[in-house]
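Hello,

Here is the structure you were waiting for. My notes follow below it.

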Amino acid sequence: MPIDLHAHSSASDGTEPAAQVVASAARAGLDVVALTDHDTYAGWTSAVRAAREVGVGLVRGVEISCSYHGVSVHLLAYLVDPESPGLAAELHKARRSRVSRVDRMVERMAADGIPVTVEQVRRLAGEGTTMGRPHIADALVASGYVATRDEAFADVLRNGSRYYVSHYAPDPVTAVRLVRAAGGVPVMAHPFANGRGWTVEDRVVEEMALAGLAGLEARHRDHTQLERLHAEELAARLGLFTTGSSDYHGAGKQNRLGENTTTRDVLEQIEAEATSGVDVVRA
Ligand code: AMP
Ligand code: FE
Ligand code: FE
Ligand code: ZN
C-alpha cells in the first residue's frame with residue numbers, strides 16, 4: 001500500500017483544509033500520508049482527527065523554508081516535538097517575516113498598476129496561514145490578471161522578478177540540528193530540482209549529513225531523471241535513505257497524491273529514529 005510523505009493543506013499553500021487532505025489521501029488509496037505544511041504545525045490537530053475517522057495512517061511533519069546564502073533549501077521534518085522551543089521559535093520568526101514580505105511584494109506590484117491589494121491577499125490566505133507567493137497568485141487569479149497559480153509563477157512571481165522580496169529563513173545546517181533536537185527526522189526536499197531555481201552543491205548536503213540529515217527526497221516531480229539519479233547516488237555515498245513523495249497542494253498544483261512513493265522500510269526507519277514521542281497515527 002502506497003506511502004506519500006509530502007503534502008500541503010490550507011494551513012500553508014495547499015487549497016484543502018488539513019482534514020480534507022487526509023480524506024483525499026484515503027480516497028487516493030494511500031496507506032500513509034504525511035502532512036508537511038510550510039513552516040507551521042497548524043494543521044496537525046484536525047489531521048489527526050481525520051486520520052482516525054477515515055482510516056489512513058498519518059505522519060505529522062513540517063517543511064522548513066531554509067536559505068543557504070540566498071539559495072532556497074526546503075527541509076522536511078517528520079515527527080518533531082511541536083513544543084521544542086528552538087525549532088518553534090525559528091518557524092514563528094519565518095512566518096512573521098513572510099507576512100511583511102508578502103506585503104512588500106504586493107505594494108511593489110500595486111505601485112506598477114498590477115491589480116492586487118494586501119487586504120485581498122490576506123483574506124484569500126485566511127487567518128493563521130503561513131503566507132506565501134501562492135496567496136498573491138490566488139489574488140491575481142481572482143482579479144483576472146492571470147488564469148492560474150502556474151501562470152503567476154511563470155511571470156511576476158518568479159524568483160528573479162523585480163517584485164521578488166525574500167523572507168527570513170534559517171540556514172539548513174542549523175535547521176537540521178534543530179529538527180534533531182526536537183526529536184524529529186530531517187529529510188531534504190527536492191534537493192536538486194534546478195527547474196525551481198538555484199540548488200545547493202553536494203558539499204552543503206554533506207555538511208547537512210554531518211549535522212544529522214537522515215534522507216533525500218529523490219523521487220519528486222520537479223526532478224529530472226538525472227537529478228533523481230544524482231540524489232540517489234549522493235544518498236548512497238553519504239549513508240542517507242531516499243524517499244519519494246507527491247508534494248500535493250490540492251488544486252494549487254498539478255501534483256497528485258501517491259504519484260511518487262516511499263518504501264515501508266524507510267517509514268519504519270523514520271519511526272525508529274524519532275525520539276519526540278510524536279508517533280505515526282495508525283489507521
Ligand atoms: P514562497 O515560499 O512564498 O517563496 O513560495 C514558494 C511556494 O510556491 C512553494 O512552496 C511552492 O509550493 C509554490 N509554488 C512554486 N511554483 C508554483 C507554481 N508554478 N504553481 C503553484 N505553486 C507554486
Ligand atoms: Fe508550497
Ligand atoms: Fe518544497
Ligand atoms: Zn512542499
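**Metal sites and the strands around them**

Along the chain, the donor residues of the iron ion (ligand 3) follow the spacing E-x10-H-x115-H. Donors here are N, O and S atoms within 2.8 Å of the metal (3.2 Å for Na, K and Ca); water is not among the atoms, so sites may look incomplete.

Two notes on the basis. This is a predicted model, in which local features need pLDDT of at least 70 and side-chain atom pairs count only at pLDDT 80 or more, while totals for chains, interfaces and linings use all residues. Residues are numbered from 1 along each chain as its sequence is written, chains are lettered from A and ligands numbered from 1 in the order in which they are written, and side-chain values use heavy atoms, with hydrogens and water left out.

**Iron ion (ligand 3)**

The protein donors are E63 (OE), H74 (ND1) and H190 (NE2). They lie 2.0 to 2.2 Å from the iron ion (ligand 3). E63 sits in strand 3 and H190 in the loop between strand 5 (185-188) and helix 8 (202-211), so this pair ties together parts 127 residues apart in sequence. Helices (H or I, at least four residues) and strands (E, at least two) are DSSP runs, numbered from the N terminus. E63 and H190 are both buried. Buried means under 20% relative accessible area, exposed over 50%, partly exposed in between (1.4 Å probe, protein chains only). The iron ion (ligand 2) is 5.6 Å from the iron ion (ligand 3).

**Zinc ion (ligand 4)**

H8, in the loop between strand 1 and helix 1, and E63, in strand 3, link distant parts of the chain, 55 residues apart. Both H8 and E63 are buried. The zinc ion (ligand 4) is 4.5 Å from the iron ion (ligand 2).

**Strand 2**

Now the strands. Strand 2 (residues 32-38) has seven of its seven residues buried. That covers both faces: V32, A34, T36 and H38 on one side, V33, L35 and D37 on the other. Strand 2 pairs with strand 1 (residues 3-4) in the parallel sense over two bridges; two strands pair if DSSP finds at least two bridges between them. D4 has V33 as its bridge partner in strand 2. Strand 3 (residues 57-68) runs parallel to strand 2, joined by seven bridges. There, D37 has V62 as its bridge partner.

Best wishes
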